[in-house]
Amino acid sequence: MANIQFQRVGRVFRQGGTEVVALEDIDLEVQDREFVAIVGPSGCGKTTCLRMAAGLDHATSGSVRVGGVEVKSPGPDRAVVFQQFALFPWKTVWDNIEFGLVSLGVDVAERRRRIEHYIALMGLAGYERAFPHQLSGGMQQRVAIARAYVLDPKVLLMDEPFGALDAQTRVVMQEELVRLARRHPRTVLFITHAVEEAVYLADRIAVMTRRPGRIREVIDVKSVRESERWDALERIEDVMDQPSFVHLRTHIWKLLREQQGEQAH
Amino acid sequence: MTPAPARESSAASRAARLIWAFGTLFMVLVLWQGVTVWWGWVSTARFPAPAEVVSALRQIAVDGYGNARLHEHALRSVLLVTSGFFVASSVGVVLGLAMGASRRVEAFVNPVFLLLRPIPPLAWIPLAIVWLGLGDAAKLMVIFVSAFVPSVINSFSGVRQIETPLFEAAAMLNARGWRYWKEVLVPGALPSIFTGLRLSLQASWTTLVAAELVGAIAGLGSILNQSAQDIYPAMIVVGMASVALCGWLMTLALGSIETRAMPWRAAP
Amino acid sequence: MIGPPLAQRELLRLTGAGTFAFLALWSAAALSGITSQQFLPAPWEVLARFARLLTEPFAGYTLLVHLSSSLQRFAMGFALAVAAGLPLGLLMAHFRWIDRLVAPLFEAVRFVAPIAWVPFAALWFGTGIGGPVLIIFMGAFPPVLINTYRGAKFVEAKYLEAARMLGAGPWRTMTEVLLPAAVPSIVAGLRISAGLGWQSLVGAELIVASSGVGYMMVKGQAAVSTATVMSGMIAIGLVGLLIDVVLRRLHRHIEQRRGL
């Protein structure tokens with residue numbers, strides 16, 4: 001079972017003499033094959049949560065477990081899609097996607113099969129020999145997503161993956177991700193500050209507070225999505241037009257607004 | 001002057017610039033001839049006339065001067081530099097990468113480095129002569145010292161400037177040991193490594209010429225030495241031009257290796 | 001991953017270990033008796049020699065006098081390089097015809113290593129101050145010119161347009177727009193220039209001087225006194241370091257004032 005469990009997780013940063021409490025008492029479970037998004041204001045610690053699950057950061061109290069095992073260090077079983085893509089500029093698209101598979105010791109034939117599958121799926125056909133600098137931001141992020149999926153990881157960790165893309169590309173990518181996620185369901189933890197993106201993509205949404213970050217509320221989107229049959233609609237703008245969508249989105253905005261009100265600027 | 005931003009890179013403007021360049025150089029030639037010969041403003045004892053330079057060139061190319069002919073001198077110098085540079089930069093790059101990859105190695109090696117770094121390569125010449133005499137061994141020692149430092153520094157900074165997300169991606173993808181070096185560290189640092197190599201080459205070349213000037217049997221620097229002693233200005237010019245030409249050619253060669261070694265870069 | 005910076009204690013420990021290892025190796029080699037004391041003096045012997053040279057003359061003068069000789073030449077050569085390079089760089093950046101005229105000449109001469117000017121320096125100036133100054137100039141001039149040119153040339157078009165709109169002629173444009181805009185680049189060039197100039201000085205003094213630290217080292221080499229030679233190297237290194245530190249401060253100061 002590939003689930004992510006945050007149990008009473010806290011993160012305190014010590015810099016010089018001062019202590020900063022970034023996260024406090026985070027209790028969250030991402031169940032097997034569930035797509036959970038975390039939204040919150042900047043600096044609330046949502047990225048820190050993801051990084052702890054990835055093994056790129058550690059909790060100062062509580063525990064983070066993936067598949068029941070406590071997370072100690074990064075690895076291909078917890079694939080990360082970074083906001084700045086983090087593709088190796090000196091490797092071609094193909095080689096970038098292949099890199100993790102080599103680490104896993106997958107044999108050549110199987111590697112080829114998997115890479116070709118995802119290249120087709122992510123619309124990268126014809127770009128196998130291109131270098132990252134020759135691709136647009138959207139294409140680069142597709143490569144990064146392919147690189148993550150191809151590992152057949154236990155969990156997928158996406159850190160504001162569309163944050164560096166322009167608005168139009170972002171929408172296209174969201175549609176593609178939904179398609180991909182419905183076709184290859186996996187456990188996904190998705191960080192974003194864009195509420196609409198979260199409502200569109202996720203099964204559940206955890207709304208975080210300002211620093212020290214706590215979970216304010218966890219909202220069930222899946223039940224609404226299924227009962228309102230959003231998936232029957234072709235395009236993202238049609239989904240976002242649905243009253244049920246708007247209702248959810250507004251609810252979350254209000255929660256986030258409360259944070260702003262609490263903090264005097 | 002190079003490199004300029006690619007504002008005008010059309011063939012027409014390139015041709016224009018070439019014409020200007022040739023025109024200016026031609027004008028300089030005319031002025032040169034005039035100043036030294038036609039109007040006699042500068043005596044040829046102080047600076048040779050163009051014709052004198054040409055005949056000196058012929059002399060050294062055909063008959064030889066200072067124990068050898070021009071290409072023999074050049075070959076000797078270039079070979080010395082190349083071999084010294086090769087050894088020094090290999091060692092330097094490896095050390096620099098190791099220092100970049102490991103903060104402990106950096107801390108341990110730093111003191112020696114900080115000590116050696118401020119000493120200009122040319123300042124090693126007297127020491128090299130005391131220890132190794134006036135032969136090739138001393139030259140190789142100074143070449144080594146001058147090529148070593150820039151290689152280390154630039155390889156080190158090359159590793160450190162690799163962006164954190166790339167390191168994190170490498171960790172996430174389980175890049176370990178040999179793979180980590182070969183497929184992440186070295187390619188990531190390669191642009192800086194090449195900058196270091198360029199600086200090393202230039203430093204080696206300059207230092208060798210200086211060392212040969214101080215004392216050598218053959219080599220481009222020895223041409224300069226000999227012609228200074230003989231008070232043969234035309235030959236001095238030939239020597240200087242040869243030094244410049246060889247230096248330029250070696251830099252070009254390195255540049256083409258650089259472009260080929262990093263096919264993934266966007267054209268500047 | 002590179003990992004976090006080392007803890008203070010660890011850092012000191014390793015740095016100390018490295019220093020110690022270096023000095024220990026050196027001392028061991030010196031004391032082992034493989035070579036004479038003249039040939040490979042121990043670290044403390046070098047320091048002792050250095051200290052003595054500060055007051056006892058060698059090759060005509062004390063180390064301090066040699067140093068001041070060297071610094072004088074350096075200062076002259078460097079000042080000349082800046083005085084010539086800065087205005088020329090600005091002019092070349094602003095007037096394209098000057099650029100077209102000077103650039104090919106510059107590129108042609110640029111690859112001649114400063115040290116290669118030694119024979120002419122000897123021919124024209126003998127062992128007078130002109131020789132080293134010429135060579136220092138040849139070393140220090142290119143970076144000043146190049147960096148001034150680049151800094152001024154790549155001034156953003158909008159500032160130049162504003163200057164034109166506000167009626168500034170060439171002189172004011174160069175002094176009140178190009179020059180200030182180019183300052184960060186110029187100062188960076190000064191650092192490089194000072195380094196190269198100092199290096200060229202050393203080279204020059206090895207051959208065409210009758211005083212100065214380079215000259216002192218040559219005499220030390222002739223007397224097979226490694227300690228003297230090393231003392232010279234230390235002096236050169238220290239002064240070079242000092243010059244660089246001063247210029248780096250200047251650079252940082254300017255960057256801060258610009259809010260960069």
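**Close-up views of a predicted three-chain model**

**View 1. Ala53(A) and Val118(C) touch the most other members of the largest nonpolar core, which holds 215 residues.** Such a core is a set of buried Ala, Val, Leu, Ile, Met, Phe, Trp, Tyr and Cys residues joined through C-beta atoms within 7 Å, and buried means that 20 or more other C-beta atoms, placed from the backbone, lie within 10 Å of the residue's own. Helix 8 of chain C gives the most to this core, 16 residues; helices here are DSSP runs (H or I, at least four residues), numbered from the N terminus. The model is predicted: local features need pLDDT of at least 70 and side-chain atom pairs count only at pLDDT 80 or more, while totals for chains, interfaces and linings use all residues. Residues are numbered from 1 along each chain as its sequence is written, with chains lettered from A and ligands numbered from 1 in the order in which they are written.

**View 2. Val118(C) has partners in chains B and C.** Leaving aside neighbours within four places in sequence, Val118(C) is in contact (C-beta atoms, placed from the backbone, within 7 Å) with Leu213(B) and Leu224(B), and also with Ile135(C), Ala204(C), Ile207(C) and Val208(C).

**View 3. Chain A meets chain B, with 18 residues of chain A in contact with twelve of chain B.** Helix 7 (residues 164-172) of chain B provides six residues, the largest share of the chain B side. By class, this side has ten nonpolar, one polar and one charged residues. No contact joins chain A and chain C, whose closest C-alpha atoms lie 10 Å apart.

**View 4. Within chain B, helix 3 (residues 70-101) and helix 9 (residues 220-229) cross at roughly 125°, their axes coming within 7 Å.** His73(B), Ala74(B) and Ser77(B) in helix 3 meet Leu220(B), Gly221(B), Ser222(B) and Ile223(B) in helix 9.

Key. Axes fitted to C-alpha atoms, helices over the stretch in contact; angles between N-to-C directions. Helix = DSSP H or I, 4+ residues; strand = E, 2+ residues; numbered from the N terminus. Contact = placed C-beta atoms within 7 Å. Buried ≥ 20, exposed ≤ 12 C-beta atoms within 10 Å, placed from the backbone. Nonpolar A, V, L, I, M, F, W, Y, C, P; charged D, E, K, R; others polar.
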